[in-house]
Amino acid sequence: METQMMMETQLPAELLFPSKEKSFLGDRMIDRDFVQPIENRPKLSETEAEGIPLIDLSAVLQNGDCDETIVSQIGNACRVWGFFQVVNHGVSEGKRLEMEKVARSFFGQSVEEKREVRRDEENVHGYHDGEHTVNVRDWKEVFEFALESPYLLPRSQNPDAAHEISEVYNLWPKHPPQMRKVSEEYGKEMEKLGFKLMALIARSLGLPADTFEPFYKTQTSTVMLTHYPQCPFPHLALGVGPHSDSGALTILYQDDVGGLEVKRKSDGEWVRVKPIPDAYIINLGAVIQVWANDVYESVEHRVVVNSTRERFSIPFFFNPAHDTMVKPLDGLTDGRNPARYTPYNWGMFDASRKLSNFRKLDFKNVQIDDFKISN
């Protein structure tokens, strides 16, 4: 309550309107739901994230194995940044361009047309323009689809009912008509890259390359087409608020506008990730942090918006099967380095986290720190 009062006393009344149903698209006023707490508001100046490693994967593609130089580079990037970029990754440029074209076509429709495939708490995939991060509404609209449909989620947050499963099916719009085909083909490209990167990450931890494969016999991976409209008040709102990803691995394509900022581990400074043509940005999620027993860390990041150009991005969330029990891997724990987390069910964790996508919560959402073993 105190934070909300501080936020509102800093803003002229004419910049705020109370309606939660009014769309942000095209409005010259800002709904109070979009206004970030003062401590989270972006600076008008930016620091470019020099030092985020750019890793060339061509040797992996040519040799078909885990090149030791690349393994070392990825291990260093995971320890120091929790982020890196890759080029020569093997993803078809043509399929990525088709995916971007389809996304622009879909988001170019009226709000009413897009909401024909609107997602909700029961069907968590499709279109959404009211997503929240840490209880503040994001300045974005998204369309999300799963690689596997049906997508399996626990029906209940009750651990005793973890075996009760909901089947969630992808929703596909009428326009553009090729959206489903293009999306599914792009998803397969992302899946191939995801397995390559997970093999390299496993090797960087001193584990066999196929360590993570058993967790992906089925999967809960999704692709999220994302549109950040021009924002008349970019100093007040964020495209996505500060957060760290809850899944295993995120593979992001961003256009040339840029806007992704990473909280640098060395000093806590927010730094901008410069767009590199045909590169993918990779960041570790909380599941890998737990699997790695804190050897690697899921790093906080956010997305800033601007008043002159819209922005598009396509994150791929490479996540394990819903029934995966996430815990530190046996090869990374021993008597001198015991497990730092108690096991938790990924599907139940995922389902709980998705609640905040649809509404403000009157409680703190589940975090991996809830499963941390105190010293």
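Helix 3 and helix 6 meet through E68, I70, V71, I74 and G75 on one side and L200, I201, R203 and S204 on the other, where contact means heavy atoms within 4.5 Å. Helices (H or I, at least four residues) and strands (E, at least two) are DSSP runs, numbered from the N terminus. This is a predicted model, in which local features need pLDDT of at least 70, side-chain atom pairs count only at pLDDT 80 or more, and totals for chains, interfaces and linings use all residues. Residues are numbered from 1 along each chain as its sequence is written, and side-chain values use heavy atoms, with hydrogens and water left out.

**Helix 3 and helix 6**

- The axes of helix 3 (residues 68-80) and helix 6 (residues 179-204) come within 8 Å and cross at roughly 80 degrees; axes are lines fitted to C-alpha atoms, for helices over the stretch in contact, and angles run from 0 to 180 degrees between N-to-C directions.
- Helix 3 is therefore roughly perpendicular to helix 6, a term that covers angles of 65 to 115 degrees.
- By class, this contact has 5 nonpolar, 2 polar and 2 charged residues. Ala, Val, Leu, Ile, Met, Phe, Trp, Tyr, Cys and Pro count as nonpolar, Asp, Glu, Lys and Arg as charged, and the others, Gly among them, as polar.

- An open sheet with mixed pairing has the strand order 3-4-16-13-18-11-8-5; two strands pair if DSSP finds at least two bridges between them.
- Strand 3 (54-56) and strand 5 (126-128) are the edge strands, each pairing on one side only.
- From one strand to the next, the twist averages 25 degrees.
- Strand 8 (residues 141-146) and strand 11 (residues 222-228) run antiparallel and are joined by 6 bridges. F145 stands opposite V223 in strand 11.

**Helix 4 and E100**

- Helix 4 lies across several strands, including strand 5, strand 8 and strand 11, and runs at about 55 degrees to strand 11.
- E100 belongs to helix 4 (residues 93-107).
- E100 counts as buried because its relative accessibility is 11%, and buried means under 20% relative accessible area (1.4 Å probe, protein chains only).
- Not counting residues up to four places away in sequence, E100 touches Y253, D255 and I314.

- Strand 14 (residues 260-263) pairs with strand 15 in the antiparallel sense over 3 bridges. The bridge partner of V262 in strand 15 is V271.

How values were computed
Angles under 35 degrees count as roughly parallel, over 145 as roughly antiparallel, 65 to 115 as roughly perpendicular and the rest as oblique. Buried means under 20% relative accessible area, exposed over 50%, partly exposed in between (1.4 Å probe, protein chains only).
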